[in-house]
Amino acid sequence: MTLSPTYLEELDGFLIELNRAAAEAIAPLFRGQHGLVDKIGGEGIRGFDPVTEADKGAERAIRKLIAERYPEHGVIGEEYGEDRPDAEFVWVLDPVDGTRAFIAGLPLWCTLIGLKHQGRAVLGSIGQSYMDELYIGHAGGSRLIARGESRPLKVRPCPALSQAIIATTDPEMCFRPAEAEAWAGMRRATRLARLGCDAYAYAMVAAGTIDMVVEAGLKTWDIAAALPVIEGAGGLVSDWRGELWPVQGGQVAIAGDRACLDEAVAILRPAAR
């Protein structure tokens with residue numbers, strides 16, 4: 001099946017419905033009794049992998065709507081695994097990206113919903129429902145829907161890495177020694193670095209307030225939703241070797257400006273895997 005503009009517009013509207021359903025499941029639990037469980041139960045920062053009833057309830061709500069409206073579509077979700085992952089259209093879900101921020105009461109978590117067509121991410125959203133922000137995009141363009149209004153998203157120019165604002169989630173948690181060294185090189189080369197924003201930092205690249213995000217160890221549900229949003233806003237996504245779309249996970253660099261990305265890859269490439 002060809003992804004026609006009419007069908008893409010239909011799916012775009014459905015994506016907004018999915019975000020609304022996820023928000024309704026999450027809202028009562030944020031800064032409340034969220035039912036935290038540690039999936040690993042180990043010691044230290046790498047031995048803590050939290051999940052809450054918000055993660056589970058939001059994914060259940062999203063899956064229910066997909067099954068009702070598009071039963072022929074597949075689903076890959078962080079909490080409930082794969083259902084028809086080889087289908088022509090596959091939804092990729094991370095119901096609460098940034099669960100650590102969620103349990104800390106920080107509104108930097110996001111609901112990530114992406115749609116792949118024949119293996120390529122073609123539609124995606126980054127939703128921060130507590131702040132009433134939905135960043136949604138595809139190759140034809142990206143937009144922010146917030147507080148009843150919609151406006152286009154566009155990355156900003158940043159021709160030199162020395163001028164860049166960069167972000168990553170947590171170097172101690174996410175990076176191996178060689179990756180941490182590469183990140184340290186990025187910090188030395190750039191103007192400002194921010195930590196702990198999770199996928200909200202991707203949205204800020206699309207919005208033109210952050211210039212680059214560098215991550216490692218990503219799963220497909222961590223990145224699939226962001227790809228169309230970044231692409232539609234004029235940005236780029238590569239691995240640490242500088243190979244562009246499609247990126248499925250692992251080591252990822254998201255940038256608004258190609259010149260800035262090229263400089264960053266020179267620093268990241270020695271740690272590429």
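**Helix and sheet packing**

A: Helices α1 and α2 cross in a right-handed manner, where a crossing is right-handed if the near helix is turned clockwise from the far one by less than a right angle, and left-handed if anticlockwise. The model is a predicted one, in which local features need pLDDT of at least 70 and side-chain atom pairs count only at pLDDT 80 or more, while totals for chains, interfaces and linings use all residues. Residues are numbered from 1 along each chain as its sequence is written, and side-chain values use heavy atoms, with hydrogens and water left out.

Q: At what angle do α1 and α2 pack, and how far apart are their axes?
A: Helix α2 covers residues 53-69, and α1 packs with α2 at an angle of about 145 degrees with the axes 8 Å apart. Axes are lines fitted to C-alpha atoms, for helices over the stretch in contact, and angles run from 0 to 180 degrees between N-to-C directions. Helices (H or I, at least four residues) and strands (E, at least two) are DSSP runs, numbered from the N terminus.

Q: Which residues make that contact?
A: From α1 they include F14, E17 and L18, and from α2 they include A54, G57 and R69, contact meaning heavy atoms within 4.5 Å. By class, the α1 and α2 contact has 12 nonpolar, 1 polar and 2 charged residues; Ala, Val, Leu, Ile, Met, Phe, Trp, Tyr, Cys and Pro count as nonpolar, Asp, Glu, Lys and Arg as charged, and the others, Gly among them, as polar.

Q: What salt bridge does D12 form?
A: D12 pairs with R143, the closest N and O atoms being 2.6 Å apart, a salt bridge being a side-chain nitrogen of Lys or Arg within 4 Å of a carboxyl oxygen of Asp or Glu. The pair links distant parts of the chain, with D12 in helix α1 and R143 in strand β9, 131 residues apart. A search of the whole structure finds 9 salt bridges.

Q: And the sheet with 5 strands, which strands stand at its edges?
A: The order in this open sheet is β12-β11-β13-β15-β14, with mixed pairing. Strands β12 (192-195) and β14 (236-238) stand at the edges, each with a single partner strand, so one side of each is left without a neighbour in the sheet. The twist averages 20 degrees from one strand to the next. Strand β14 pairs with β15 (residues 250-255) in the antiparallel sense over 3 bridges, and the bridge partner of L236 in β15 is A255.

How values were computed. Pairing = 2+ DSSP bridges.
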